[in-house]
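The following report describes a single protein structure.

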Amino acid sequence: MEFSPTDKIKYKDLLLQTYKAFAKFCADNDIQYFAAGGTMIGAVRHKGFIPWDDDIDVYMNRSEYDKFISLRNRLAGSCYEIIDPSNKGYYCAMAKFSHRNSTIWEFQGIPFVFGAYIDVFVLDFEDGTYNEIAKKRRIYSKKVDLFYISANNHPFKVVRDLLCRGELMKSFWLIFQKLLLNNIHPLLKKYIVLHSGKREGEWLVAYTGTSGEKDIFRSEWFDGAISYQFEDTYINVPSGYDNFLTAMFGDYMTLPPIEEQKSHHALFYYNLYRRLSQKEIVGMQIDF
């Protein structure tokens, strides 16, 4: 499922509104954050969203992140909420700052819904060689992959269709997920909780990031924040943003080829005006 052209504009407006609420929450509670990845490129290169993108990602170092999570109850009664792995059924290793009055269901096989959201990735300080840290991150990524797979409860028709196409190995793997991994999903949460305990170090690592070994940064790049225009508001970028973006993307000021200018986010169902439960969505008799 994709946003219609009109709804994509509406969703970006809703996402920007959600970001402003997030930024105010951080300012009110003295929490520092930085634009991450494509959001950082958007601020530096476009002064807003990358035109074909539809998300906002931020970083927080561990101490700021822990404070952010600890203050989630201050959002009670508001239009926003903080979701993290402590929420039952949640399948991501990072937290989300989410809009309560909208609905996003990303994956058909994972019965968890939230609203328009800001992804909040935690940065941990580390010392050692780059190769040592990269090895540690690879091991952690395998644990996160298992945690995600364990949350994926594919409908029986998916298994049936694979069997009909003769794809036996995929069918057996999905059956294994249903019978075993789905049942131990809550137990796997302890494996995605990583905390180096360091308050400073030569490196910062986004263990919950999505860019593999590129999620290892020099901590000096995050020594300070610069306020950059982002649409009709502002967002913090790290003082070493040029070093960061060059290491992550290379020539980040040059647009990618036209065939790569598209969103890569999953979207099974959405509603931009109210929060629906999975049961309510299924009850609408949508053709799944």
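Does Lys 47 count as buried or exposed? The model is a predicted one, and in it the relative accessibility of Lys 47 is 52%, so this residue counts as exposed, the cut-off being over 50%. Lys 47 belongs to the loop that runs between α2 (37–46) and β2 (56–61).

With neighbours within four places in sequence left aside, the contacts of Lys 47 are Gly 42, Gln 229, Phe 230 and Glu 231. Asp 57 stands ten residues from Lys 47 along the chain, and their C-alpha atoms are separated by 15 Å.

## Overall dimensions and composition

The protein contains eight helices and eleven strands. For 288 residues, a compact globule would have a radius of gyration near 19 Å; the value for the protein is 20 Å, which agrees. The C-alpha trace extends over about 55 × 45 × 45 Å along its principal axes.

Of the 288 residues, 48% count as buried. When contacts between residues at least 6 apart in sequence are considered, 68% of them join residues at least 24 apart.

## Aromatic pairs

A pair of aromatic rings is described by the distance of the centres and the angle of the planes. How many aromatic pairs does a search of the whole structure find? The search finds 32. In the pair formed by Phe 3 and Tyr 11, the ring centres are 4.6 Å apart and the planes meet at 25 degrees; the pair is therefore stacked, as the angle is under 30 degrees. Both partners fall under the 20% cut-off for burial: Phe 3 counts as buried because its relative accessibility is 15%, and Tyr 11 is buried because its relative accessible area is 4%.

Ring pairs also link a cluster that consists of Tyr 19, Phe 22, Phe 25, Tyr 33, Phe 49, Phe 68, Tyr 80, Phe 97 and Phe 230. One of these residues, Phe 230, is also among the contacts of Lys 47.

## Charges over rings

Two charged side chains are placed over aromatic rings, as described here. Lys 96 lies over the face of Tyr 117, 3.7 Å from the centre of the ring. The charged end of Arg 218 is situated over the ring of Trp 203, at 4.3 Å from the ring centre. Trp 203 and Arg 218 belong to the strands β7 (203–205) and β8 (216–218), respectively.

Most residues other than glycine have a negative phi. Asp 30 has a positive phi, near 55 degrees. Asp 30 is located in the loop between α1 (5–28) and β1 (34–35), and its relative accessibility of 62% is over 50%, so Asp 30 counts as exposed.

Glu 231 likewise has a positive phi of about 55 degrees and is not a glycine. This residue is placed in the loop between β9 (225–230) and β10 (233–238). β9 and β10 form a hairpin with two residues between the strands. The two strands run antiparallel and are joined by six bridges; Ala 225 has Pro 238 in β10 as its bridge partner.

Thr 208 is part of the loop between β7 (203–205) and β8 (216–218). Although it is a loop residue, Thr 208 is buried, as its relative accessible area is 9%. Apart from neighbours within four places in sequence, Thr 208 is in contact with Ala 93, Met 94, Phe 121, Val 122, Arg 137 and Tyr 140.

Ile 175 lies in helix α6 (residues 168–184). Its relative accessible area of 32% makes Ile 175 partly exposed. Ile 175 and Leu 163 are separated by twelve residues in sequence, and the distance between their C-alpha atoms is 11 Å.

Definitions and conventions
Residues are numbered from 1 along each chain as its sequence is written. This is a predicted model: local features need pLDDT of at least 70, side-chain atom pairs count only at pLDDT 80 or more; totals for chains, interfaces and linings use all residues. Side-chain values use heavy atoms; hydrogens and water are left out. Rings of Phe, Tyr and Trp (its six-membered ring) pair if their centres lie within 6.5 Å; planes under 30 degrees apart count as stacked, over 60 as edge-to-face and the rest as tilted. Buried means under 20% relative accessible area, exposed over 50%, partly exposed in between (1.4 Å probe, protein chains only). A charge sits over a ring if NZ of Lys or CZ of Arg is within 6 Å of the ring centre and within 35 degrees of the ring normal. Helices (H or I, at least four residues) and strands (E, at least two) are DSSP runs, numbered from the N terminus. The radius of gyration is taken over C-alpha atoms; the globule rule is 2.2 Å times the number of residues to the power 0.38. Contact means heavy atoms within 4.5 Å. Two strands pair if DSSP finds at least two bridges between them.
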